[in-house]
Amino acid sequence: MRATACRCDAEDMSAVIEVQHLHKSYAGTVAVDDVSFTVERGEVFGILGPNGAGKTTTVECVEGLREPDRGDIRVLGLHPVRDRAEMTERVGVQLQEGRLPDRLTVAEALELYSSFYRSASDWRELMDVLGLAGKARTAFARLSGGQRQRLSIALALVGNPEVAILDELTTGLDPQARRDTWELIERVRDRGVTIVLVTHFMEEAERLCDRVALIDAGRVVALDTPATLADRVEIAQRFQFRPSVPLDDGLLEALPDVAGVIRRGDVVMVTGNGNALNAVTSLLARRGIIARQLRVEQASLEDAFLALTGRHPAGEQAGDQIKEA
């Protein structure tokens, strides 16, 4: 879990994105309802929520792809719709869904996109940085899911943007490809790019984000660092271990701080109050029992989301009329 604030120096901190009282509806269905937040220069800012929460509509308004019904948005001091030409030069976007012509190669795509910008990055260097040099002559149709994501990131960065907006970056990737992509984003951040990351993966947000806005049913329900949000959640203490010798569960259940004991093979799983771990380890020590492979579960960003919304972040809202992730 990330517990540090934004890596940039305090004197460099300034809001590069300002969203105030954003509202957007479709045919009477409210997708975004009074959303406000700011994104500081140099940070990775996460927008989290379940499918249908309003995340994609929010960032599409920030990108200028949709015009809000109400509210005000400024990106690098620009209006996303009225200043769209300048926005395009300074903001890179990786869409939730995108596709290139099947025969277009990686090198051709990057060279083409770089021609759209006044001050483009060196697309060959970008191809190397993102691990695509070996696929330069490979057609889009023959790229794996992870390679397509790398190319999508490269296309979002080829204009040398000050801000990159990445929507559901790792959806559909296998665990290894997802972690490889996270490492890429960390390298992008280290290049000085401010990143807005839209996701419903709590682990992804904990790994990458300096601050997160939790969105549910079109509204921001919390905004803070992942660590601070997790610390606000009061959950029962949970831990598990393998006793070095057979142990009677009744001894643990008799402890006043222990609420429950569950066995899974030779693994003992205990829940209780904040003193449960100390009570159990003291009892084991008195009886000369070693708690092997002891693992204590900490409150997570996912716990915070469940506590604030009552729903799992990856769950679907019943009756969604607007497709979003």
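**Exercise 1. Determine what share of the contacts with a separation of 6 or more comes from residues 24 or more positions apart.**

Solution. A contact here means heavy atoms within 4.5 Å. Among the contacts in the protein with a separation of 6 or more, 70% are made by residues 24 or more positions apart. The secondary structure comprises 11 helices and 13 strands; these are DSSP runs numbered from the N terminus, helices being H or I with at least four residues and strands E with at least two.

The model is predicted: local features need pLDDT of at least 70, side-chain atom pairs count only at pLDDT 80 or more, and totals for chains, interfaces and linings use all residues. Residues are numbered from 1 along each chain as its sequence is written, and side-chain values use heavy atoms, with hydrogens and water left out.

**Exercise 2. State how many of the 325 residues, as a percentage, count as buried.**

Solution. The classes are set by relative accessible area: buried is under 20%, exposed is over 50%, and partly exposed lies in between (1.4 Å probe, protein chains only). By this criterion, 50% of the 325 residues are buried.

**Exercise 3. Identify which residues of helix H10 are buried, and explain why they line one face of the helix.**

Solution.
1. Helix H10 spans residues 276-286, and its buried residues are Ala-276, Ala-279, Val-280, Leu-283 and Leu-284.
2. Viewed down the axis of H10, these buried residues fall within an arc of 130 degrees, so they line one face of the helix. The arc is that of the directions from the helix axis to the C-beta atoms.
3. The face turned away from the buried side carries the exposed residues Ala-285 and Arg-286.
4. The packing partners of the buried residues of H10 include strand S10 (237-243), helix H9 (249-253) and strand S13 (291-297).
5. Just after H10, Gly-288 adopts a positive phi of about 70 degrees.

**Exercise 4. Classify the two aromatic pairs of the structure.**

Solution.
1. Rings of Phe, Tyr and Trp (its six-membered ring) pair if their centres lie within 6.5 Å; planes under 30 degrees apart count as stacked, over 60 as edge-to-face and the rest as tilted. The structure holds two such pairs.
2. Phe-37 and Phe-45 are stacked, at 5.2 Å centre to centre and with 20 degrees between the planes. Phe-37 is buried, at 5% relative accessible area, and Phe-45 is buried at 0%.
3. Tyr-113 and Phe-116 are tilted, at 5.5 Å centre to centre and with 45 degrees between the planes. Tyr-113 is partly exposed, because its relative accessible area is 26%.

**Exercise 5. Find which rings have an arginine over the face or ring.**

Solution. A charge sits over a ring if NZ of Lys or CZ of Arg is within 6 Å of the ring centre and within 35 degrees of the ring normal. Arg-148 lies over the face of Phe-140, at 4.3 Å from the ring centre. The charged end of Arg-178 sits over the ring of Phe-201, 4.1 Å from its centre.

**Exercise 6. Locate Ala-27 and Gln-293, and state whether each is buried or exposed.**

Solution.
1. Most residues other than glycine have a negative phi. Ala-27 has a positive phi near 50 degrees, and Gln-293 likewise has a positive phi near 50 degrees.
2. Ala-27 lies in the loop between strand S1 (15-26) and strand S2 (29-40), and is exposed at 89% relative accessible area.
3. Gln-293 lies in strand S13 and is exposed at 58%.
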